[in-house]
Amino acid sequence: MVAFIRRVAYLAAGAVLTLLVAEGIARILPVQSALPLRDVSADNPIRRLQPNSTNLYSRDWDLRGIQRSTANNEGYINPNDYLSKQSRNAPLVAVIGDSFVASLMLQYEETFFGRLQHDLGQHRAVYSFGMDGSNAAEYLASASFVRERFAPDTLIVVITAQNFRNSVWGHAAAIPDLNFFKIGESGVSLYRAPRKSNALRRVFNQSALARYIYFNLKLDIGTMFAAPRSLQAPVAKAQTSTMPADLERNAVHYFLDKLPAASGLSRDHIVLIFDGDRARLYGAPSLGDPMFDSIKREAAEDRYRIVDLEKAFAADWQAHRHPFDWYPEEYHWNGYAHAIVERELLRLLREGA
Amino acid sequence: MLFTSAIFVFAYLPVTFAVFFIIGRINRVAAAAWLAAASIFFYGWWDYHYVPLLAVSIVFNFAMSRQIAAAQEPTRRKLLLAVAVAAALGLLAYFKYKNFLLSVVTDQPLAALGHLVIPLGISFYTFTQIAFLVDTYRREAHEPSFVHYVLFVTYFPHLIAGPIIHHKEMMPQFRDPSTYSPKLSDFNEGAMFFVIGLFKKVVIADGVAPFADALFGAAGNGHPIGLAASWSGALAYTAQIYFDFSGYSDMAIGLSLLFGIRLPLNFASPYQSANIIEFWRRWHMTLSRFLRDYLYISLGGNRKGPARRYLNLFLTMLLGGLWHGAGWTFVIWGALHGTYLMVNHGWHALSRAARNRPPKPSYVGRFASWLVTFLAVVVAWVFFRADTVTSAGAIVGAMFGFGGFDLTAHTLSNALATAEFWWIVIPLALALLAPNSQDIVARASAYLRAASAARREAFAFVSLGAIAVIVPLCVVIAESKASPVFIYFNF
């Protein structure tokens, strides 16, 4: 028995020592930081970052694409502080979106809203309200927040493949403080996911090794034990949705119906940017939302203004074969894609001017 | 199933290991049969469609070896061997070289014939079995146990990408009763080999791979290539292939040691070689051994005069190149190494003739010799890695200044600031200066042997604790990658 305990103690000592060394190494490396979120409360009705907090982005196991950024006075990744509607003279273009708008992996100057601000000059302010993990329901809540605080003249909403599929409560990961569509017999309503105790998360965020495993390596026990991996061309891990199509349709109807009221703008002042299925362009399995075509059609019938990146990306790919992201490792838009988004957006805005 | 995958490390390996030693206490043949069955399952995990092909190949070759062993008449023995070897090579030719042969015969570009799916490990299990057949013919091998033969061919640590094993070193271990009892020393040594291999592959080889891929991708797309880019990409691939393949071999050796079975070593710091003859004694050693014993010697070796010896050397390397893949790039890679070997042997012959003794170079001479050898190997790797002869030619041309000598944008201070520089320099420095896996494990084992029992126990269990953290961490890193496969899976 003594020998057994001694051996277990040796094993534990070896494991703990190694963990400490690994933690020490991770601390000197540019491991991705955890987003310094601000709790949602009566004062802060929407999920965003701590004002003026700093963030470090790196991706993959070898810590590529390092970007450091700072949140502005409103807790959004943007080098410019935002002025409220009372203290601002220029009309405002507000951009709402998820991590595609937060763009932690890019310099501000590379983003489509950074480019747009540059091209529009002082005549208009362009504020970005991008938040990692946001979904279509959160966009509605964000639109209300933006309306009340900043009163934009134009609203741009970036819609990506996961935005509707991750928006229905009970069919998506329950991200604390995030809004979801709750679909019941009485209809659709917005529902904010309850906050959980942050104690464990705070401890977790303190460990660089834990952040490396979770954020850089994107540990996913489920897919680790999935079917055999391809021996051919590398393919991004597929994102699957378990949400029934009729629920997604309900969410889409609700979103398109409520967005004007939430934003305080008529539909012709709202631009919906729909991402394209870039993986398919590369000849890889689709990473798009199968319902995107019908959502776009419905939005167009509702007289929203639309930027269809499916067409823009396809045409550009045909001509230049330049990737729009870092597929298969990182599927967010790169600077090249952001330039195309801005070009398409400017074209649409000028058509309407 | 990849050695670096979670399903392998956390499910397949523990189950196979535990059941093997549990059955081994009761019945050794049943334990060997279990290991063979588990190996076939391992093979079928990717694509079960090729399991019948493997099974047919094993049954046919075992039956033929029995026929050859039983035959008394030399002509009949020779005929049986010829039929068996022709069938094995025919199978390989059909699955691996069909498109290449078609492109040669019909003069169509290889790419136009579409992508050929090659059954995993076919080159390795074909060679293993041909060696067995030839040795049976030479009366150097005889295996009455079908279970041991199946295990010999399918044994999962070597099945997909070697090391190419020889029956002489495997069959006695399968018959040895002590193999079927777990030993802490073997487990420790195996775990060390496995961790070193895992680190080589997951961290070093995969870390340097993007820099090699960038060069060969650009060349494949017809982009212009500069002097610095061509050298950095070629050196990156030189590091990548060594750490990828030697990492795989270390993992295979380590896994096998967990089961108490020693596989032959496959690498011995090849980039430290001072000449190309030495390189081939240190690089993919089990393939070199196979080519020497079953091809070079069969062609006549050095028994038919110097001219024929050089021709045999060249042909052996040419066919060795073709074994790696069905394409002109591999043929050129083999031809280059064949030429290198001819020049090296010729140089030695001239030196011996001039001085009447083998050459003994000075430190400067040895350094120059190492440098020439290393650069020759780097140039040859370009053909090995490139998709087409055209892109390989473009890269080699750029390496020799045909793309210009402009290095103004590539000052040392600029280079030092890039991740690329360090990702290439550090692995190459490790390959050139650090002790290799077997040296590290041997030193640790020697320390353990000399230590007291208490210290031995402490070292064994503390290191197992460390391994219990490092292995899952490396597995999670490997699983995070979009393309975690080994280079030699293509061959």
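Visitor: Why is Y76(A) called buried?
Guide: Y76(A) has a relative accessible area of 2%, and buried means under 20%, with exposed over 50% and partly exposed in between (1.4 Å probe, protein chains only). So Y76(A) counts as buried. Keep in mind that this is a predicted model, where local features need pLDDT of at least 70, side-chain atom pairs count only at pLDDT 80 or more, and totals for chains, interfaces and linings use all residues. Side-chain values use heavy atoms, with hydrogens and water left out, residues are numbered from 1 along each chain as its sequence is written, and chains are lettered from A and ligands numbered from 1 in the order in which they are written.

Visitor: How many aromatic pairs are there over all chains?
Guide: The count comes to 83. Rings of Phe, Tyr and Trp (its six-membered ring) pair if their centres lie within 6.5 Å; planes under 30 degrees apart are stacked, over 60 edge-to-face, and the rest tilted.

Visitor: What makes the pair of Y76(A) and Y82(A) stacked?
Guide: Their ring centres are 6.4 Å apart and the planes sit at 20 degrees, so the pair is stacked. Y82(A) is buried too, at 3%.

Visitor: What kind of aromatic pair do Y94(B) and F95(B) form?
Guide: An edge-to-face one, with 5.1 Å centre to centre and 90 degrees between the planes. Y94(B) is partly exposed at 47%, whereas F95(B), at 18%, counts as buried.

Visitor: How do you know whether M192(B) is buried or exposed?
Guide: Its relative accessibility is 13%, so M192(B) counts as buried. M192(B) lies in helix 9 (residues 184-220) of chain B; helices (H or I, at least four residues) and strands (E, at least two) are DSSP runs, numbered from the N terminus. Leaving out residues up to four places away in sequence, M192(B) touches V441(B), A444(B) and I467(B), where contact means heavy atoms within 4.5 Å.

Visitor: Why is helix 5 of chain B described as largely enclosed?
Guide: Because 15 of its 16 residues are buried, helix 5 of chain B is largely enclosed by the rest of the structure.

Visitor: At what angle do the axes of helix 10 and helix 15 of chain B cross?
Guide: Roughly 90 degrees, and they come within 9 Å. That makes helix 10 of chain B roughly perpendicular to helix 15 of chain B, since angles under 35 degrees count as roughly parallel, over 145 as roughly antiparallel, 65 to 115 as roughly perpendicular and the rest as oblique. Axes are lines fitted to C-alpha atoms, for helices over the stretch in contact, with angles from 0 to 180 degrees between N-to-C directions.
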